[in-house]
Amino acid sequence: MKTAMQNQLDDIIWNLRECFDGQPWYGISMMKKLDSLDWHRANDRHQGFKSIAVLLQHIVNWRIFVLKKLQGDADFDIQIDGPNDWSEVHIDNEREWEELKETLRRTQKDLLDILTDAPEGLLKEKVPGKDYEFAPVLNSLYQHDIYHLGQIAMLHAMKGS
């Protein structure tokens, strides 16, 4: 019989998968949306918004943060609104766009590999170098993805698909 904590971790894994490449209730998954975008649109900016490429790199940056913390790195950090939070990215060709998406895919796989094998008590463990536990971080990671997926979809729709 699974404990409440293991059920919570299983729910996090399910939500990460569903948002990433499943069939979420709110519409299109992250990869389905990204794979539908022409690389020429990755740098589009509208009314001061960040570009799709910058939003995608931001998603990757925070996934790297979580991965480093899951691997025990107490020193790695992201300064909110700093260069490793909102990295300036410019996509010059289709290969660069595909590489950025592949980095996202790799972080997804690495996260799921770690979480699938994680000990039951992971959610109650302190994040290395921080004053909070893994539970709120992992519970909000897919929410962070969904939020920025909405921004990506909006930017894409602003010029029409």
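Let's start with Arg-63, which sits in helix 3, the stretch covering residues 52–70. Keep in mind as you read that this is a predicted model. Is Arg-63 buried or exposed? Its relative accessibility is 0%, so Arg-63 counts as buried.

Which residues are in contact with Arg-63, once neighbours within four places in sequence are left aside? The list runs Leu-16, Phe-20, Leu-104, Thr-107, Gln-108, Leu-111, Leu-141 and Asp-145. One of these, Leu-16, comes up again in the next section.

The largest nonpolar core has 23 residues, and the members that touch the most others are Leu-16, Val-66, Leu-70, Leu-115, Leu-122 and Leu-138. Two or more residues each are given to this core by helix 1 (4–21), helix 3, helix 4 (94–116) and helix 5 (134–158). Helix 5 supplies the largest share, six residues.

For a look at one member of the largest core, take Leu-138. Not counting residues up to four places away in sequence, Leu-138 touches Ile-12, Val-66, Leu-115, Leu-122 and Leu-123. As general background, nonpolar side chains in soluble globular proteins tend to be buried together.

## A nonpolar patch on the surface

Some nonpolar residues are found at the surface too: Phe-49, Met-154 and Met-158 form a patch there, and together they have about 240 Å² of accessible area. Met-158 belongs to helix 5. With a relative accessibility of 37%, Met-158 counts as partly exposed, because that value lies between the 20% and 50% cut-offs.

## Aromatic pairs

How many aromatic pairs does a search of the whole structure find? There are three. One of them joins Trp-25 and Tyr-26 in an edge-to-face arrangement, at 5.7 Å centre to centre with 85 degrees between the planes. Trp-25 counts as exposed at 80% relative accessibility, while Tyr-26, with a relative accessible area of 30%, is partly exposed.

Another pair is Phe-65 with Phe-76: the ring centres are 6.5 Å apart and the planes are at 45 degrees, so this pair is tilted. Phe-65 lies in helix 3 and Phe-76 in the loop between helix 3 and helix 4, so the pair ties together parts that are eleven residues apart in sequence. Phe-65 counts as buried at 4% relative accessibility, whereas Phe-76 is partly exposed, with a relative accessible area of 21%. Ring pairs also bring in Trp-62, linking Trp-62, Phe-65 and Phe-76 into a cluster.

## Glu-88 in the loop

Our last stop is Glu-88, which is found in the loop between helix 3 and helix 4. Its relative accessibility is 63%, so Glu-88 counts as exposed. Which residues is Glu-88 in contact with, leaving aside its neighbours within four places in sequence? They are Arg-45 and Val-54.

Glu-88 and Ser-51 are 37 residues apart in sequence, and their C-alpha atoms are 9.3 Å apart in space.

Methods: Residues are numbered from 1 along each chain as its sequence is written. This is a predicted model: local features need pLDDT of at least 70, side-chain atom pairs count only at pLDDT 80 or more; totals for chains, interfaces and linings use all residues. Side-chain values use heavy atoms; hydrogens and water are left out. Helices (H or I, at least four residues) and strands (E, at least two) are DSSP runs, numbered from the N terminus. Buried means under 20% relative accessible area, exposed over 50%, partly exposed in between (1.4 Å probe, protein chains only). Contact means heavy atoms within 4.5 Å. A nonpolar core is a set of buried Ala, Val, Leu, Ile, Met, Phe, Trp, Tyr and Cys residues joined through side-chain atoms within 4.5 Å. Patches are made of residues with over 30% relative accessible area and no salt bridge: like charges are joined within 9 Å, nonpolar side chains (Val, Leu, Ile, Met, Phe, Trp, Tyr) within 5 Å. Accessible areas come from the Shrake-Rupley method with a 1.4 Å probe; for residues, only the protein chains shown count as cover. A salt bridge is a side-chain nitrogen of Lys or Arg within 4 Å of a carboxyl oxygen of Asp or Glu. Rings of Phe, Tyr and Trp (its six-membered ring) pair if their centres lie within 6.5 Å; planes under 30 degrees apart count as stacked, over 60 as edge-to-face and the rest as tilted.
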